[in-house]
Amino acid sequence: MRSLRLPLLKTFPAVVAIAVAACTLVVAAQERFRTDVAIVTLNVAVRQNGTPVRDLKATDFDVTDNGVHQDVELTPVGVMPADVTVLVDTSASMDATLEQTRAQLADIAKQLRHDDRVRVLTVADDVREVFGFRAGGSAPPMDALAAGGWTSLYDALGLALIHRPSRERGHLIVTFSDGIDSSSTIDLDTVTALARRSEAVVDLFVLVPKPLWQSPRALPSREEPTLPPVARLVQRTGGDTRVVRATDNIAAAFRDALTEYRRRYVLRYAMPAGAPGSWHDVKVAITQRGRFDVLLRDGYTQ
């Protein structure tokens with residue numbers, strides 16, 4: 001297992017260099033979004049009454065970039081392979097046993113197709129890569145899984161967001177945590193800036209440990225837990241934040257997230273002219289009659 005904690009300069013210089021480069025994206029005025037090809041890629045979820053809408057065509061989408069209509073090409077996400085990063089909080093605030101977590105993560109890997117790739121990062125005092133990207137559909141090696149300590153959630157999300165898959169693959173980051181960061185070297189603003197330069201969709205499942213959820217004095221059953229500040233970052237990527245009431249439900253929660261991800265759409269269009277480093281505000285509406293909820297990232301930096 002490789003430890004990816006940012007401050008460990010002598011032990012992990014390559015990882016630190018990557019992290020520093022990632023943080024430089026936040027302030028680099030000339031940093032361009034997908035500079036290799038002037039194409040904008042949007043990963044879009046469309047729902048009606050809480051249910052994903054399927055079988056939409058390109059003409060069903062009204063896309064504007066800084067207020068200007070764009071002609072788009074459409075690909076259903078379900079036909080594309082995906083790189084899936086699973087972040088699991090194994091800090092002392094979580095109550096799952098290691099054996100339980102191993103079983104849950106093995107179940108998650110088996111849910112993926114063979115053309116998908118999956119990696120697992122654990123989040124505690126440091127960020128650890130349990131295993132790197134490997135084909136889905138089979139049980140991964142989980143012996144190196146460890147737990148305990150504080151929570152470096154923002155560091156983990158930053159390292160996950162700087163991964164850039166090929167254009168033929170999507171990137172889904174599924175995070176299981178209570179959402180509270182206690183030991184990262186970068187802050188939420190920095191991670192949010194990285195998210196605005198990434199095409200990844202981040203889904204967050206807020207894990208509420210069993211004792212807290214089951215205690216009427218700690219949390220009345222009629223109340224939902226308050227969402228953590230990182231939920232705002234999730235929304236910017238077009239992802240979802242949901243509550244999981246026990247850590248033994250993470251495989252089922254992942255199945256729901258993966259099913260919804262497969263029902264999303266990828267929209268592509270030629271990047272409009274603009275100054276390098278400028279922000280583009282993107283909006284998507286559905287032209288069909290009815291009320292639709294559309295989830296996507298809120299824009300990109302050229």
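Figure 1. Strand 7 (residues 82-89) and strand 8 run parallel and are joined by 7 bridges. Strands here are DSSP runs of E with at least two residues, helices are runs of H or I with at least four, and both are numbered from the N terminus. Two strands count as paired if DSSP finds at least two bridges between them. On the strand 9 side, Leu121 has Glu129 as its bridge partner. Strand 8 and strand 9 (residues 127-135) are antiparallel, with 6 bridges, and a hairpin of 3 residues connects them. Of the 7 residues of strand 8 (residues 117-123), 6 are buried, so this strand is largely enclosed by the rest of the structure. Buried means under 20% relative accessible area, exposed means over 50%, and partly exposed lies in between (1.4 Å probe, protein chains only).

Figure 2. Strand 4 (residues 61-65) pairs with strand 5 through 3 antiparallel bridges. Val63 has Gln70 of strand 5 as its bridge partner.

**Figure 3. The whole structure contains 2 aromatic pairs**. A pair of aromatic rings is described by the distance of the centres and the angle of the planes. Rings of Phe, Tyr and Trp (its six-membered ring) pair if their centres lie within 6.5 Å; planes under 30 degrees apart are stacked, over 60 edge-to-face, and the rest tilted. The 2 aromatic pairs include Phe61 with Tyr265, an edge-to-face pair at 5.5 Å centre to centre and 65° between the planes. Phe61 is in strand 4 and Tyr265 in strand 13 (residues 265-270), so this pair, 204 residues apart, links distant parts of the chain. Phe61 is buried, with a relative accessible area of 4%, and Tyr265 is buried at 3% relative accessibility. The rings of Phe176 and Phe205 form a stacked pair, because their centres are 5.2 Å apart and their planes lie at 15°. Phe176 belongs to strand 10 (residues 170-177) and Phe205 to strand 11, 29 residues apart. Both Phe176 and Phe205 are buried.

**Figure 4. Ser198 lies in a loop**. This loop runs between helix 4 (188-195) and strand 11 (201-207). Ser198 counts as buried because its relative accessibility is 6%. Its side chain reaches the backbone nitrogen of Ala200 at 3.0 Å. Apart from neighbours within four places in sequence, Ser198 is in contact (heavy atoms within 4.5 Å) with Leu161 and Arg297.

**Notes.** Residues are numbered from 1 along each chain as its sequence is written, and side-chain values use heavy atoms, with hydrogens and water left out. As the model is predicted, local features need pLDDT of at least 70 and side-chain atom pairs count only at pLDDT 80 or more, while totals for chains, interfaces and linings use all residues.

Conventions
A polar contact is a pair of N or O atoms within 3.5 Å; within protein, one must be able to donate a hydrogen and the other to accept it, and residues adjacent in sequence count only if both atoms are side-chain atoms.
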